[in-house]
Every structure is written in C-alpha cells, then in structure tokens.
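Reader: Got a structure open here. Can you walk me through it, quickly?
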Amino acid sequence: MNSFRILPKRFLCLLCILGLLPLYASAESRNAALDQKVHDIFKRFSTVGGMVAAAKDGKIVYEYCYGYADKSRKLMATPDCYYRLASVSKLVTACSVMRLVETGRLDLDANLGEIIGGDEPYFAANPSFPKTGITPRMLMSHTSTIWDSNFATKMDLRNALKQKTSYYKNERPGTAYHYSNYAAGICGIILEAVTGLHLSEAASTLLFDRMGIDAAYSPDLLEHPDITTSTFARAYSEEINLERDYYISYGGCWMKGEDLCRIGMMLCDYGIIDGTRILEDSSVREMLSSQEGKGGITVDSPYGLNVHRLKNLVPDRIIYGHQGRIDDTLCNLYFDPQSRFVFAMVTSSCVPGDTAYGVRPPAYTLMKLLWSEFVGPWQH
C-alpha cells in the first residue's frame, strides 16, 4: 500500500503549505531588494517625496512610495496622495478630447475659432498666414506655431490669437514643430466649449468617472483635498471662462500615482482596462500615430495627439507617453504596447536634471530598473 494514502489529510495539507513557504520567502526578498534599489534612486535625486508604479500585461505589478508628499505638513507619501501631473495633464486632457471626437461632437480639423468662439465664432489663424486655420489636431501635435512667450500673462485668448509677433512663430501652421504649453492648454477650453461644462466636470464625465478615477484640474475638487501636495497655489473658479481657462489644462490636473498608471494601462491596451472599453481602438491609435499628412500637417512632429513618441529610448520600438516638470516637481508616464509595460512616476519635489533620451534622469533611472525587472534587459 502506498504510504501517502494512510497519512492524515491535515498532515498532507501542512506539507503542501510548508513546501510553498520558500516560494513566498523568495518573492518577498525580491520585493525587498527592489524596494531598496528604488529607495536609493529616489534618494540619489534628492527627492522629497513621490511614488512610482509599474504595470505589466494589464495589471499593476509594483508600487513604491517614498518620503513626504508634503514635508511642511509632515504628510507622508502614500498610495492615497494626489500629485500635480504638470505637463502629463496634456495627455490626460487629450483622452477626454478624443471621447468628443469618437462621439461626433468634435472634428479634429475644424477651425479653433469656430469651436470656441461661442456666439461670435471667428477664424483662428497665425496672422502672418491668415488663410491657414489653426485646428485641434495642430494644437495637440504642437504644430500650430503658437509660441508660449507672452501667454503667461493670461491675456484673453481671442485677443492673444490675433497678436502678430509675440504669440506665434513665423512659420505656417502645420509645417513646423514647436512645443507649446499654451497651445496644448487650449484643449481644455475646447472641452468646456463643446460640453458646456467646467473642465474638471467635463473630464470627469468623459473619462474619470468611467475609469473610477478621482482626479480634477483643481485640488479643491478632489474627494480628499487635504492629502494633496501643497506645492502650488489653488486658484479654482466655478465659472467657465473660455478666454482664460487655457492656462489650467496644460499642467493643472491632480491625480494619484496609481490612477495615472491606470491611464497608461488603458492606452497601452488601446482603450481597454479591466475588460471595459474607455476609448475606441481607433482613437488611441490616432493619439499614438504621427500626424504628418493629416489635416494640413506636413512635418513629422515627435508628438501624436498630446502623446510623446520616443524613438530612441528603447531600441526597435516607440515608447509613448509624456513628461511633466514644474520647478522641481517631476511627473512621468510611459507605456509600451508591444510588451504591455507601463511606468508612472509622480513627485512632490526632486532634482530633475537634464534629459537623457528625452527623459529626465530620475524617471529614466527608475524606468530602466523596472523595465529590467519586469520586461527584460535594458539596451541603453
């Protein structure tokens, strides 16, 4: 008779459990070793506080919080803390814009002045090229030739768009790439003009609520505004201002690091997350693609539709996403549909440094580590 047949069932179960212990222990030690490496990288770049998350094959596989979300209040960085996304806000805004496109409420190649002009529509154009209209496609691919320059004065948009020298590059829209914060920020006004809702409410209706994300373009509108970084002043107004709100959406979105990672997961899987379709496949592919040859654009911008297309970060593929920096605050979201890997990082403060392969050193170093851990050897 086989001796295992006479062993009590409880004893067999105990043997099975004990047999698994070494596996659990080794997994725990691997996580501890990775945590230490991540901790050391954050420390190397004098990070006050932040969070990094990675996803693979549609699941978040790693998260780590470091330091203080707000050192002045002794608020530790936790998964529940909200961070300002800086320029990564542009990518988030673009997701809401594409929801309008796919439902037929917005034409990417319509003239901007006709979209946001309200009861007094106008033809928006670079005054040096008055017959070439400016469109949402140009805004999001950074080919509108709108130059940041004096936009920081928050001039009424209609008047700003009519300025001949200070607000434009002397090039025909669609023929040259110039990164422009305020051109991308106008996408927020487009959301308000088309929906009739304040930017945060529009984004919640079109995107955030559908994904179960608590995010807003003002920290005061978050569910728990007391656990945000307070690095930036709050200037929220409930009134829609189609002439001034362009400065909100270029860098003013607030979100948790894990939810930012989920935005990347949704885009990485061409509009689907947790089995739910958020954006149409065609919408995401349009966001990720070069806009050359579309809507009067004749230049291959490094941006699709508010999505940075990094061709030199990883050999033989394009990595998609966006980077944001305001002073010492750094935020990054990158994803690779080929390996289904997503990297997200948010910080309250760090030393950003100069870009390497289009990415600033803290994010580059962390992404290299996590890519090596969950995808394979890093080539650079």
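Reader: What stands opposite Phe335?
Author: Val342 in β11 does. Keep in mind that this model is predicted.

Reader: How many bridges join β10 to β11?
Author: 6 bridges. β10 covers residues 329-336, β11 covers 341-349, and the two run antiparallel.

Reader: And the sheet, what's the strand order?
Author: β3-β2-β1-β11-β10-β9-β8. That is an open sheet of 7 strands with antiparallel pairing.

Reader: Which strands stand at the edges?
Author: β3 (75-76) and β8 (308-310). Each has a single partner strand, so one side of each is left without a neighbour in the sheet.

Reader: Which strands does α11 lie across?
Author: β1, β2, β9, β10 and β11. Helix α11, residues 361-374, runs at about 145° to β11.

Reader: Switching to aromatics. How many pairs?
Author: The count is 13 aromatic pairs. Take Tyr182 and Tyr246: the ring centres are 5.9 Å apart and the planes are at 80°, so this pair is edge-to-face.

Reader: Where do those two sit in the chain?
Author: Tyr182 is in helix α6 and Tyr246 in helix α8, 64 residues apart. Both are buried.

Reader: Which rings form a cluster?
Author: Ring pairs link Phe341, Tyr357, Tyr364, Trp371 and Trp378.

Reader: Now charges. Which ring does Lys169 lie over?
Author: Trp147, at 4.4 Å from the ring centre. Arg285 lies over the face of Tyr270, at 4.0 Å from the ring centre.

Reader: Last one, Thr143. Buried or exposed?
Author: Buried, with a relative accessible area of 0%. Thr143 lies in the loop between α4 and α5. Beyond its neighbours within four places in sequence, its contacts include Met138, Tyr177 and Ile297.

Definitions and conventions. Residues are numbered from 1 along each chain as its sequence is written. This is a predicted model: local features need pLDDT of at least 70, side-chain atom pairs count only at pLDDT 80 or more; totals for chains, interfaces and linings use all residues. Side-chain values use heavy atoms; hydrogens and water are left out. Helices (H or I, at least four residues) and strands (E, at least two) are DSSP runs, numbered from the N terminus. Buried means under 20% relative accessible area, exposed over 50%, partly exposed in between (1.4 Å probe, protein chains only). Contact means heavy atoms within 4.5 Å. Two strands pair if DSSP finds at least two bridges between them. Axes are lines fitted to C-alpha atoms, for helices over the stretch in contact, and angles run from 0 to 180 degrees between N-to-C directions. Rings of Phe, Tyr and Trp (its six-membered ring) pair if their centres lie within 6.5 Å; planes under 30 degrees apart count as stacked, over 60 as edge-to-face and the rest as tilted. A charge sits over a ring if NZ of Lys or CZ of Arg is within 6 Å of the ring centre and within 35 degrees of the ring normal.
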